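Here are my notes on the model, as numbered points. Please keep the structure open while you read.

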Amino acid sequence: MKADELFQAARAAMSKAYAPYSRFPVGAALATDSGAVHAGCNIENASYPEGWCAETTALGHMVMAGGGRIAEIAVVAEKMDRIMPCGGCRQRLSEFVADDALLHLCDARGVVETVSFSAMFPRSFDLEQNR
């Protein structure tokens, strides 16, 4: 998948964000190793800061569509260039990422930097390590 296509999917998802409390719309798109793309936006509620992040929404779509291993992730925010997934989303994503997964950091115009997911989150909590 081209990083720009993943950015476009993340930006389209961001346009659907429900963020009346933070006024901080975010979009994310995941590409699986089979090429499927799943996008999501952040969704807030009145008991702010409860709600869920764009990455969590995208993961939910991916799991409901049958799952897979994540090969690439793009995240975009209306008010912050190069937004990184929060700690909770990094852990959630780590359950599904391929060993060589890429994270595309975006601004309003497109991908501005690509990093490996493992470099960005090198030591996730893993029950297998504790057995």
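This is a predicted model: local features need pLDDT of at least 70, side-chain atom pairs count only at pLDDT 80 or more; totals for chains, interfaces and linings use all residues.

1. One pairing can be followed residue by residue. Strand S5 (residues 70-77) and strand S6 (residues 97-107) run parallel, joined by 5 bridges. Val75 has its bridge partner in S6, namely Leu105. In general, strands of a sheet pair through backbone hydrogen bonds, either parallel or antiparallel.

2. Now look at the buried residues of H2. These are Ala54, Glu55, Thr57, Ala58, Leu59 and Met62. An α-helix has 3.6 residues a turn, so residues three or four places apart point the same way. The buried residues of H2 pack against strands S1, S2 and S5. They also pack against strand S3 (43-44), strand S4 (51-52) and helix H3 (87-94). Note that Glu55 is on the buried list.

3. How do H2 and H3 cross? Their axes come within 9 Å and cross at roughly 20 degrees. An angle under 35 degrees counts as roughly parallel, so H2 is roughly parallel to H3. The crossing is left-handed. On the H2 side, the residues that meet H3 are Glu55, Thr56 and Leu59. Their counterparts in H3 are Cys89, Arg92 and Leu93. Of the H2 residues named here, Glu55 and Leu59 are also buried.

4. Next, the aromatic rings. The structure holds 2 aromatic pairs. One of them is formed by Phe117 and Phe121. Its ring centres lie 6.2 Å apart, with 70 degrees between the planes. Planes over 60 degrees apart count as edge-to-face, so this pair is edge-to-face. Is Phe117 buried or exposed? Phe117 has a relative accessible area of 4%, so it is buried.

5. Most residues other than glycine have a negative phi, and most peptide bonds are trans. Which peptide bond is cis? The bond joining Tyr48 and Pro49 is cis, with omega about 20 degrees. Pro49 is found in the loop between S3 and S4.

6. Arg23 deserves a look. Arg23 is not a glycine, yet its phi is positive, about 50 degrees. It lies in the loop between helix H1 (3-14) and S1. Its relative accessibility is 54%, so Arg23 counts as exposed.

7. Where is Arg82? The residue lies in the loop between S5 and H3. At 43% relative accessibility, Arg82 counts as partly exposed.

Note on methods:
Residues are numbered from 1 along each chain as its sequence is written. Side-chain values use heavy atoms; hydrogens and water are left out. Two strands pair if DSSP finds at least two bridges between them. Helices (H or I, at least four residues) and strands (E, at least two) are DSSP runs, numbered from the N terminus. Rings of Phe, Tyr and Trp (its six-membered ring) pair if their centres lie within 6.5 Å; planes under 30 degrees apart count as stacked, over 60 as edge-to-face and the rest as tilted. Buried means under 20% relative accessible area, exposed over 50%, partly exposed in between (1.4 Å probe, protein chains only). Contact means heavy atoms within 4.5 Å. Axes are lines fitted to C-alpha atoms, for helices over the stretch in contact, and angles run from 0 to 180 degrees between N-to-C directions. Angles under 35 degrees count as roughly parallel, over 145 as roughly antiparallel, 65 to 115 as roughly perpendicular and the rest as oblique. A crossing is left-handed if the near helix is turned anticlockwise from the far one by less than a right angle, and right-handed if clockwise.
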